Amino acid sequence: MGFARSERMNITARALLVSLLLAGTGAVVTGCNTKKDIDITKLGVETDPPEMLYNQGLANIKAGNMTEAGKKFDAINQQQPFSEWARKALVMSTFVKYRTGRYDEAVQTGNTYLKQYPGSEDADYVQYLVGSSYAKQIVDVTQDQRAAQQTIEAMTKLVNTYPKSQYVSDAQEKIRFAKDQLAGKEMQVGRYYLERKDYLAAISRFRVVVEQYPTTNQIEEALARLVEAYYAMGIVPEAQTAAAVLGHTYPDSRWYKDSYQLLQKGGVEPSENSGSWISRAGKKLLLGT
């Protein structure tokens with residue numbers, strides 16, 4: 001097959017994947033397929049041309065036959081590993097595994113591709129699929145947040161390695177969501193300690209949120225909880241500083257109102273101590289970093 005034809009095939013496949021993935025469609029069926037699909041396990045795949053298998057795989061994706069599509073792409077890799085067809089088939093195999101909810105397999109296949117073809121034209125897309133596979137496994141903050149951390153790592157690699165990729169914007173959104181999950185986990189544990197009057201342990205958790213996840217949705221409550229914990233310990237200057245930073249950054253927050261009222265009951269008001277770690281963190285908050 002000529003170079004021009006190979007390039008057209010690659011562009012067609014990539015356009016298909018982009019339209020399916022970024023459009024967020026729930027189904028991949030785009031039309032009626034009246035022809036009965038051929039089970040690749042019943043064919044002598046070792047003699048089938050990789051081009052034929054690749055085209056059959058694309059046709060099955062369009063028709064919604066994702067399982068059969070995956071078989072055909074995997075057959076290419078078994079038949080001609082490290083060939084150009086195998087390279088493109090690895091991309092498609094990663095996509096199929098992602099779309100069928102086999103996220104661990106998608107990560108494994110995607111990482112195999114990235115190890116073998118780190119500088120290829122599809123590397124950014126595969127890196128995006130790896131990150132998206134992790135993102136799909138993020139669970140409620142009451143559970144382990146390993147997938148959130150893995151999402152951040154994978155999507156940060158995409159943003160840093162392929163800054164001009166069309167997937168950067170969505171990758172950044174997934175990073176923000178994952179960071180909010182990690183911050184939420186810290187808050188959950190911090191509240192647990194606070195309820196049990198283990199103030200030092202609670203403060204350490206709230207501090208992680210303020211210093212490491214300042215742009216998340218958890219920041220206002222984290223500052224308010226610091227006011228509560230420091231005040232309960234009798235470390236009033238730190239409580240006043242946390243309230244002051246909260247008021248400067250989020251003056252209309254309900255959390256600030258609650259913190260202000262708590263201090264007033266003790267006869268004090270928010271007052272920032274510039275030597276406090278909270279004050280230093282607050283300056284970064286004002287800068288939006």
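1. Starting at the N terminus, the elements of the protein chain read α-α-α-α-α-α-α-α-α-α-α-α-α. That is 13 helices and zero strands, where helices are DSSP runs of H or I with at least four residues and strands are runs of E with at least two, numbered from the N terminus.

2. Some ground rules. This is a predicted model, so local features need pLDDT of at least 70 and side-chain atom pairs count only at pLDDT 80 or more, while totals for chains, interfaces and linings use all residues. Residues are numbered from 1 along each chain as its sequence is written, and side-chain values use heavy atoms, with hydrogens and water left out.

3. On the chain as a whole: of the 289 residues, 48% are buried, meaning under 20% relative accessible area with a 1.4 Å probe, protein chains only. Take the contacts (heavy atoms within 4.5 Å) with a separation of 6 or more: 64% of them are between residues 24 or more positions apart.

4. Have a look at helix 5, residues 103–116. Its 14 residues reach 20 Å from first C-alpha to last, close to the 20 Å expected at 1.5 Å a residue; the expected span is 1.5 Å times one less than the number of residues. Ala106, Val107, Thr109, Gly110, Tyr113 and Leu114 of helix 5 are buried. Their cover includes helix 4 (84–99) and helix 6 (123–135).

5. Helix 6 also packs against helix 7 (residues 146–161): the axes come within 8 Å and cross at roughly 165°. Axes here are lines fitted to C-alpha atoms over the stretch in contact, with angles running from 0 to 180 degrees between N-to-C directions. That makes the two helices roughly antiparallel (over 145 degrees). On the helix 6 side the contact residues include Tyr128, Gly131 and Tyr134, and on the helix 7 side they include Thr151, Ala154 and Leu158. By class, this contact has eight nonpolar, five polar and two charged residues; Ala, Val, Leu, Ile, Met, Phe, Trp, Tyr, Cys and Pro count as nonpolar, Asp, Glu, Lys and Arg as charged, and the others, Gly among them, as polar.

6. Then there is helix 8 (residues 168–195) with helix 10 (residues 219–233), whose axes come within 11 Å and cross at roughly 20°. Helix 8 and helix 10 are therefore roughly parallel (under 35 degrees). Met187, Arg191 and Leu194 of helix 8 meet Glu221, Ala222, Arg225, Glu228 and Ala229 of helix 10. Those residues split into four nonpolar, no polar and four charged.

How values were computed
Angles under 35 degrees count as roughly parallel, over 145 as roughly antiparallel, 65 to 115 as roughly perpendicular and the rest as oblique. Buried means under 20% relative accessible area, exposed over 50%, partly exposed in between (1.4 Å probe, protein chains only).
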